[in-house]
Amino acid sequence: MKLMRITAKHVQSRYFNKSLRRYLGSSCVDLTAAEVPTLVVGSSRELVRRLGSQVEVRTAFITEEEEGAFLRELEPGLKKKRYEFDHWDDAIHGYRETERTTWGPACQNILNRVRSVAFEAGSSLLGPVHVLDLDKAGYIKPHIDSVKFCGSTITGLSLLSDCVMRLVKDDAPSEWLDLLLPRRSLYILRNQARYDFTHEILKDEESVFNGQKVPRQRRISVICRNLPG
Ligand code: OGA
Ligand code: MN
């Protein structure tokens, strides 16, 4: 899966990003004040509105039983691998991963539902589903998925833990969105949100959404992608 990601140019400047975030903190705005809970906040109302249509978070997309079905199917294989921590040049820290093409009926049903909400009928999908198991201390650095291997839409289920996904405009890092991804939710990134913004999953120490700490546990994501058009 290494080929799938291009690490962002500005990843190295972590200090810059940190001071920028402090500066921007007070300009955080809600997507829809009336909607509870808020799942998307960003650097400006305008950006939240504009990019909001290309970013979706669906809470409780799967039930606890369905989450259990994924775990039963995935745990035996994942347990045989060790979390990888020490590749400094990797986009991901503290992870193990696998790909899977054939699933038992319960998981297959869920994946059909995921695909029917995320992709247009008839679009060509990347065959294997990508499973990424992040340790409690694991995180994903800012990156853009390879445009050579993946198309305009990335969708993922979050199992076992809530987390924060941050999108930052690749050529204008003052433009950002934070997404709260609750356990058992589905997120969808499309078009500009996928091509022009890096995405990352925050580490436990930095896992804060709209001023609220979002404690990170071990998290497994089940990710579907389409093929480039
Ligand atoms: C990736 C990635 C996000 C997630 O593997 O490229 O961005 O939800 N994963 O785990
Ligand atoms: Mn990615």
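**Reading the model together**

Author: Gladly! Let us start with one residue: Leu134 has its place in strand S6. Strands (E, at least two residues) and helices (H or I, at least four) are DSSP runs, numbered from the N terminus. A word on the ground rules: this is a predicted model, in which local features need pLDDT of at least 70, side-chain atom pairs count only at pLDDT 80 or more, and totals for chains, interfaces and linings use all residues. Residues are numbered from 1 along each chain as its sequence is written, chains are lettered from A and ligands numbered from 1 in the order in which they are written, and side-chain values use heavy atoms, with hydrogens and water left out.

Reader: Is Leu134 buried or exposed?

Author: Buried means under 20% relative accessible area, exposed means over 50%, and partly exposed is in between (1.4 Å probe, protein chains only). Leu134 counts as buried because its relative accessibility is 0%. Leu134 also shows how a chain folds back in space: Leu134 and Lys203 are 69 residues apart in sequence, yet their C-alpha atoms are 10.0 Å apart.

Reader: Which residues surround ligand 1?

Author: A residue is near a molecule if one of its heavy atoms lies within 4 Å of it. Around ligand 1 you will find Arg5, His130, Leu132, Ile140, His143, Asp145, Tyr187, His199, Arg219, Ser221, Ile223 and Arg225. Strand S6 (129-145) and strand S14 (219-225) each supply at least two residues of this shell, and S6 gives the most, with 5 residues.

Reader: Which side chains have an N or O atom at 2.6 Å, 3.1 Å or 3.3 Å from an oxygen atom of ligand 1?

Author: A polar contact is a pair of N or O atoms within 3.5 Å; within protein, one must be able to donate a hydrogen and the other to accept it, and residues adjacent in sequence count only if both atoms are side-chain atoms. For oxygen atoms of ligand 1, the distance to a side-chain N or O atom is 2.6 Å at Ser221, 3.1 Å at His143 and 3.3 Å at Asp145. Taken alone, ligand 1 exposes 290 Å², and the protein buries 99% of that (areas come from the Shrake-Rupley method with a 1.4 Å probe; for residues, only the protein chains shown count as cover).

Reader: With which side chain does the side chain of Glu97 make a polar contact?

Author: With that of His130, at 2.7 Å. Glu97 lies in strand S5 (residues 92-100), and Glu97 counts as buried because its relative accessibility is 18%.

Reader: Which residues other than glycine have a positive phi?

Author: Ala60 is one of them, with phi near 45 degrees, and Arg184 is another, at about 75 degrees. Ala60 is in the loop between strand S4 (55-58) and helix H3 (64-79), and Ala60 is exposed because its relative accessible area is 60%. Arg184 is in the loop between strand S9 (176-181) and strand S10 (186-190). Arg184 is buried because its relative accessible area is 19%, and a polar contact of 3.1 Å joins its side chain to that of Glu67.

Reader: How many disulfides are there?

Author: A disulfide is a pair of cysteine sulfur atoms within 2.5 Å. A search of the whole structure finds 0. As for cysteines, Cys163 counts as buried at 0% relative accessibility, and Cys224 is buried at 3%.
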